[in-house]
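Reader: Could you take me through this structure by way of questions and answers?

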Amino acid sequence: MIQNIGIVGSGQMGAGIAHVAALADRNIILLDVNQAALNKALEVIERNIKRQVSRGKLEDDAGERALKRITITTDYSDFNVADLVIEAATENEATKRKIFETLVPNLSKEALIASNTSSISITRLAATTDRPGKFIGMHFFNPVPIMQLVELIRGIATEDATFIEIKNLSLELGKIVAEAQDYPGFIVNRILVPMLNEAVYALYEGVGTVESIDNGLRLGANHPMGPLQLIDFIGLDTCLSVMQVLQEGLGDPKYRPCPLLIKYVEAGWLGRKSGRGFYDYSTDEPVPTR
Ligand code: NAD
């Protein structure tokens with residue numbers, strides 16, 4: 001039984017995973033390099049849990065109990081009680097490798113490791129640890145409390161017992177599981193992110209404005225959100241990184257990231273999380289930037 005869950009990275013995804021797992025009666029140890037990100041994560045989780053309570057989706061005391069199950073830390077030695085650690089730090093392979101290097105000596109022998117990476121090879125990440133058989137891809141979607149899917153990705157060495165334990169946990173978190181093989185982007189991002197990149201090309205080439213591209217796909221293809229809205233939501237840096245992994249891993253030029261996407265990331269316009277992406281979020285209603 002997985003009772004104590006460590007999470008590395010307390011950004012959008014780490015906070016969401018902590019929220020959902022705490023509501024499923026798990027004890028959460030949330031770690032980040034950045035104390036401000038940890039404090040923000042606690043605020044976000046508390047606000048979202050209170051919203052669920054006020055909407056009648058959650059009992060008040062269940063919300064309170066879940067919040068008490070989450071502790072924050074910057075110290076990996078707090079993971080010595082973890083049955084599972086889910087890595088949800090920035091989408092950068094060098095960063096993740098360093099994290100696993102620091103993490104492994106602080107874990108019990110039995111502990112499982114999962115990565116929430118959107119696209120990096122699970123087999124390669126697993127090989128940086130002492131336990132590739134106990135390593136798996138556990139890919140949640142944003143916002144975690146709302147999105148139903150978890151993609152589970154087996155690395156070449158992932159043992160069946162690991163897969164079964166993580167599948168059972170995912171079901172107990174209320175998620176639906178899609179099993180994917182370990183190829184760049186797995187299933188969802190292999191298909192979704194090139195479409196989002198194409199929307200940025202349409203903007204870059206002046207085929208349409210932000211508004212017309214988003215309205216086009218919302219109203220013409222019945223997408224719940226326009227592609228540029230969705231990129232802002234996911235994070236431009238994350239989308240760029242997924243495109244780079246697809247380009248490198250699959251070698252087809254059709255996966256080249258749009259230069260405009262690269263420029264926005266260079267400018268620090270990362271979407272909602274930085275206050276500006278293809279929309280400006282400094283006012284109540286997001287304003288298109290092009
Ligand atoms: P984010 O930018 O919101 O958060 C990343 C967090 O990682 C930050 O708080 C940062 O301080 C922390 N971090 C960076 N380096 C670290 C280190 N060395 N040790 C500990 N913490 C560190 O990003 P996010 O959207 O939460 O994405 C996190 C992961 O989840 C990425 O791998 C991403 O690909 C994946 N993911 C993202 C989405 C999405 O829609 N945003 C969906 C599924 C998966």
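The questions below go from the sheet to its strands, then to a helix contact and some individual residues.

Author: This is a predicted model, in which local features need pLDDT of at least 70 and side-chain atom pairs count only at pLDDT 80 or more, while totals for chains, interfaces and linings use all residues. Residues are numbered from 1 along each chain as its sequence is written, and side-chain values use heavy atoms, with hydrogens and water left out.

Reader: In what order do the eight strands of the open sheet lie?

Author: Helices (H or I, at least four residues) and strands (E, at least two) are DSSP runs numbered from the N terminus, and two strands pair if DSSP finds at least two bridges between them. The edge strands, each pairing on one side only, are β3 (70–73) and β8 (176–181). The pairing is mixed, and the order of the open sheet is β3-β2-β1-β4-β5-β6-β7-β8.

Reader: How many of the residues of β6 are buried?

Author: Buried means under 20% relative accessible area, exposed means over 50%, and partly exposed lies in between (1.4 Å probe, protein chains only). In a regular strand the side chains alternate between the two faces of the sheet. In β6, Phe135, Gly137 and His139 point one way and Ile136, Met138 and Phe140 the other way, and all are buried. The strand is mostly covered, the number of its buried residues being six of six.

Reader: Which residue of β6 stands opposite serine 115?

Author: Strand β5 (residues 112–115) pairs with β6 in the parallel sense over three bridges. Together with helix α5 (residues 122–127), these two strands make a right-handed β-α-β unit; right-handed here means that, with the strands pointing away from the viewer, the path from the first strand over the helix to the second runs clockwise. The residue of β6 opposite serine 115 is glycine 137.

Reader: Is valine 85 buried or exposed?

Author: Valine 85 is found in strand β4. Not counting residues up to four places away in sequence, it touches Gly6, Val8, Phe79, Leu103, Leu107, Leu112, Ile113 and Ala114, where contact means heavy atoms within 4.5 Å. Because its relative accessibility is 0%, valine 85 counts as buried.

Reader: At what angle do helices α7 and α11 pack?

Author: Two packed helices are described by the angle between their axes and the distance between the axes. Axes are lines fitted to C-alpha atoms, for helices over the stretch in contact, and angles run from 0 to 180 degrees between N-to-C directions. The axes of helix α7 (residues 188–204) and helix α11 (residues 259–266) are 8 Å apart, and the angle is about 95 degrees. That makes α7 roughly perpendicular to α11, given that angles under 35 degrees count as roughly parallel, over 145 as roughly antiparallel, 65 to 115 as roughly perpendicular and the rest as oblique.

Reader: What is the phi of aspartate 25?

Author: Aspartate 25 has its place in the loop between α1 (12–23) and β2 (27–31), and it is partly exposed, with a relative accessible area of 44%. Although this residue is not a glycine, its phi is positive, at about 70 degrees.

Reader: Which residue is joined to proline 143 by a cis peptide bond?

Author: Proline 143 is found in the loop between β6 and β7. The cis peptide bond has an omega of about -5 degrees, and the residue it joins to proline 143 is asparagine 142.
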